[in-house]
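Hi everyone, thanks for coming. I've got one structure to walk you through today, so let me put it up on the screen.

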Amino acid sequence: MLLNDITDKLFIGSTFFLAAVLMIEVGTRLFIEKRKLPADGLSNFLLFLPFNYVTHILGPVLVVGYLLPVADWTGMSVPLSWWTLPLYILVGEFIFYGNHAWAHNCRLLWADHSIHHSSEEYDFTTNLRLTPFTILYRLPFLFLFVSLGFDPVALTVYGGTISSFQTFCHTDRFLDKDFGWLDYFFVTPNNHAVHHASNPIYIDKNNGGLFVIFDHLFGTFKKMDPNERPVFGVTVPINTHNPLKIITRSGFGPLWADLKEAPDFKTRLNILWRNPAWYGTEFKSKKMLESENDIQKERAA
Ligand SMILES: [Zn+2]
């Protein structure tokens with residue numbers, strides 16, 4: 001009953017949140033900045049609808065059917081109170097960082113997460129560009145910490161809240177500003193812009209949720225270089241605003257093509273679980289080299 005209450009409130013809250021985000025982005029562009037609406041805005045919104053709906057249904061099913069039994073079975077319990085709050089935040093951040101970094105380094109998960117990264121625009125609506133699969137790869141990390149006694153509902157709510165907070169970090173409005181020390185501790189619009197950039201020096205950097213502490217710890221932190229403006233999108237542009245084509249061209253289409261082309265079962269397994277650059281490495285390295293050369297030519301001009 002309590003869980004249903006929480007998820008209903010989250011669903012209503014996320015719907016109002018979505019409406020507010022769209023109004024702020026559209027209102028700011030039209031009435032203050034006098035610039036065009038994002039070409040990907042409508043597709044991002046259309047992709048968000050099934051994500052939000054399925055997550056609302058699937059979230060409680062997974063918590064009740066999968067995480068609560070683990071919590072009952074483990075026999076350990078980390079009480080949820082103000083003095084354990086820092087520990088819960090630390091664990092929530094680790095889960096966010098862990099599944100996010102995994103989504104960038106495993107081809108099967110990247111097929112889904114690359115959809116989020118495929119827009120060549122970077123505004124509040126970019127954070128809506130998600131698919132219902134996203135919730136699934138949070139489960140192994142949740143399983144680990146719930147089995148250590150952490151409250152499954154608190155960890156799930158933390159992950160959802162941080163994802164919503166990040167909406168306001170998806171904006172290119174501050175690229176010329178320096179956030180100073182904030183950039184070294186928190187996720188900000190500029191260090192998250194680095195995360196969404198396809199420039200070779202920025203790829204797979206800054207995977208944090210609210211903080212970038214685990215990026216510092218695991219060597220994936222990168223502050224934006226004022227001489228290297230982020231180029232948003234994935235390394236091979238998808239050239240479409242059609243939501244269905246976004247899904248097939250971003251990650252799932254190329255993955256399917258590689259699986260069909262692969263010579264044997266072992267190679268197919270490797271394609272699925274290894275880094276996205278593992279198969280067709282020569283092609284991707286060449287693409288990276290070309291863009292590096294382009295940047296050097298631009299600088300020399
Ligand atoms: Zn990402």
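Predicted model: local features only at pLDDT ≥ 70, side-chain atom pairs only at ≥ 80, totals over all residues.

So, what you see has 12 helices and 0 strands.

A bit more on the overall picture. Along the principal axes, the C-alpha atoms fill a box of roughly 65 × 55 × 35 Å. Of the 301 residues, 32% count as buried. And if you take the contacts with a separation of 6 or more, 71% of them are between residues 24 or more positions apart.

Okay, the annotation. The unreviewed UniProt entry marks residues 12–32, 44–68, 80–98 and 139–160 as "transmembrane region". What do those spans look like in the model? I'll take two of them. Residues 12–32 are 100% helix and 0% strand, with the end C-alpha atoms 29 Å apart. Residues 80–98 are 74% helix, again with 0% strand, and their end C-alpha atoms lie 22 Å apart.

Now let's go inside. The largest nonpolar core has 14 residues. Which ones have the most contacts inside that core? Those are V91, I95, L142, F145, V146, F150 and L155. Helices that each supply at least two residues of this core are α2 (41–74), α3 (85–105), α5 (139–147) and α6 (152–165). There's also a second, separate core of 7 residues, and V194, Y202, M224 and F232 are among them.

Let me zoom in on L142 from the largest core. What does L142 touch, leaving aside its neighbours within four places in sequence? L67, I95, P152, L155 and T156.

Last stop, α3. This helix has 21 residues and reaches 30 Å from first C-alpha to last, close to the 30 Å expected at 1.5 Å a residue. Which of its residues are buried? We have V91, G92, E93, I95, F96, Y97, N99, H100 and A103.

Happy to go back to any part of it.

Key
Residues numbered from 1 in each chain as written. UniProt positions renumbered as here; feature names shortened; annotations may be inferred. Helix = DSSP H or I, 4+ residues; strand = E, 2+ residues; numbered from the N terminus. Core = buried A, V, L, I, M, F, W, Y, C linked by C-beta atoms within 7 Å. Buried ≥ 20, exposed ≤ 12 C-beta atoms within 10 Å, placed from the backbone. Contact = placed C-beta atoms within 7 Å. Expected span 1.5 Å × (residues − 1).
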